[in-house]
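Open the model in your viewer and keep the selection tool at hand. Each stop below says what to select and what is there.

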Amino acid sequence: MARILTGIQSTGTPHLGNLLGAIRPAIELAHKDDNESFLFIADLHSLTQIKGGSELRENTYAVAAAWLAFGLDTNRSVFYRQSDVAEVTELAWYLNCFYPYQRLTLAHSFKDKSDRLEDVNSGLFSYPMLMAADILLYDADYVPVGKDQLQHLEMTRDVASRFNHKMGETFMVPKELIRAETQLIPGVDGEKMSKSKGNTINIFDDPSALKKHINKNIVTDATPLDEPKDATGSVVWQLYKLVASESDAQAMAEKLQSGGYGWGHAKKDLLAALVDGFAQERDEFHRLMNDRSMLDAELAKGAERARAVAQPVLQRVRSKIGF
Ligand code: ADP
Ligand code: TRP
């Protein structure tokens with residue numbers, strides 16, 4: 001049995017890229033075989049960016065509702081809010097004291113913003129040590145993440161090994177599980193879908209808003225209606241392929257390539273696939289967003305189970321340190 005752990009920041013309502021690229025694969029992995037999984041909402045990490053309490057809280061609910069709407073079974077997985085297990089901040093402090101400042105200056109999370117140092121808070125600087133604490137606090141074996149998080153995983157392994165070396169065996173040294181890039185979801189402009197690029201598709205949106213967004217913002221070329229079109233190079237078809245069945249995707253490609261089927265038709269079919277294909281998830285998401293007590297209860301249950309694992313590990317660390 002392997003213990004899998006991963007976190008997702010609460011920076012907004014998850015978009016199609018987050019859902020297909022991170023949330024759905026993490027749920028599949030969590031439910032697979034006899035894996036034991038810890039999945040959490042990294043709201044302490046979000047605090048490095050977001051300073052409004054109500055925004056932070058709303059984002060956490062939206063992320064929790066998205067995971068549950070996509071079928072996460074909270075009896076099988078320990079599902080919790082990072083800030084509910086305050087033990088993690090204590091461990092992060094210890095790890096900070098065992099990690100060289102010089103190395104932290106190399107973290108992309110900080111380096112990418114270091115040209116505007118006046119905007120960098122100390123929390124952002126030590127972000128990788130909080131992430132290391134997230135992982136080491138639960139003796140995780142495997143951490144599924146996107147490629148962009150690989151460096152943070154290396155720092156986690158590094159700080160765990162340094163601590164073990166200085167203080168004696170204390171931490172399990174975790175391994176990363178890098179998600180294949182095959183699931184890189186394009187945004188409406190064809191670039192990687194990302195909140196920061198403003199090119200997202202939000203499947204929880206109202207269908208009429210989704211329709212407007214798709215018609216207005218998904219880029220297409222100017223090939224006239226009757227002419228054959230390049231399906232594989234088009235954003236509409238690439239997105240359709242991700243959400244429709246294989247045979248429907250094949251059928252759309254053939255229609256585009258044979259002419260007489262315009263981008264407007266393709267967008268209409270994409271919209272239908274998004275609206276109908278995720279109808280159940282959309283309904284469940286909104287049902288949960290209107291039932292905060294249910295979300296609170298799920299997260300409280302997870303926090304209690306998480307704490308029961310975290311406390312003995314933290315105790316182990318304290319005694320090694322000499323506290
Ligand atoms: P964003 O770029 O929108 O801010 P995050 O960086 O918060 O998204 O990503 C959260 C998770 O979703 C990460 O695990 C990331 O790898 C995954 N993810 C984000 N965008 C995409 C995408 N376009 N395709 C596949 N996975 C994605
Ligand atoms: N930094 C991760 C991201 O932005 C989120 C995260 C926080 C995380 N703590 C973690 C991921 C621990 C895996 C394990 O995607």
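The tour visits two ligands and then one residue.

This is a predicted model, in which local features need pLDDT of at least 70, side-chain atom pairs count only at pLDDT 80 or more, and totals for chains, interfaces and linings use all residues. Residues are numbered from 1 along each chain as its sequence is written, chains are lettered from A and ligands numbered from 1 in the order in which they are written, and side-chain values use heavy atoms, with hydrogens and water left out.

**Stop 1: ligand 1**

Select ligand 1 and the residues around it; a residue is near if one of its heavy atoms lies within 4 Å. There are 13 residues, and His15, Arg179, Ile185, Ser194 and Lys195 come nearest.

Next, show the polar contacts (pairs of N or O atoms within 3.5 Å). An N or O atom in the side chain of His15 is 2.7 Å from an oxygen atom of ligand 1. For Ser194, a polar side-chain atom lies 2.8 Å from an oxygen atom of the ligand. Taken alone, ligand 1 exposes 530 Å², and the protein buries 80% of that; accessible areas come from the Shrake-Rupley method with a 1.4 Å probe.

Colour the shell by class: four residues are nonpolar, six polar and three charged. Here Ala, Val, Leu, Ile, Met, Phe, Trp, Tyr, Cys and Pro count as nonpolar, Asp, Glu, Lys and Arg as charged, and the others, Gly among them, as polar.

**Stop 2: ligand 2**

Now select ligand 2. Of the 14 residues around it, Gln9, Tyr127, Met131, Asp134 and Gln149 come nearest.

Which side chains have an N or O atom close to a nitrogen atom of ligand 2? Tyr127 has one at 2.8 Å, and Gln149 has one at 3.0 Å. Gln9 places a polar side-chain atom 3.3 Å from an oxygen atom of the ligand. Ligand 2 alone exposes 370 Å², of which the protein buries 89%.

Switch to a cartoon view, with helices (H or I, at least four residues) and strands (E, at least two) taken as DSSP runs numbered from the N terminus. β1 (3-9), β2 (36-42), α8 (127-136) and β4 (142-145) each supply at least two residues of the shell around ligand 2. That shell has eight nonpolar, five polar and one charged residue.

**Stop 3: Phe285**

Finally, select Phe285 in helix α14 (residues 279-289). Is Phe285 buried or exposed? Its relative accessibility is 5%, so Phe285 counts as buried; buried means under 20% relative accessible area, exposed over 50%, and partly exposed in between (1.4 Å probe, protein chains only).

Conventions:
Polar contact = N/O pair within 3.5 Å; in protein donor to acceptor, adjacent residues only side chain to side chain.
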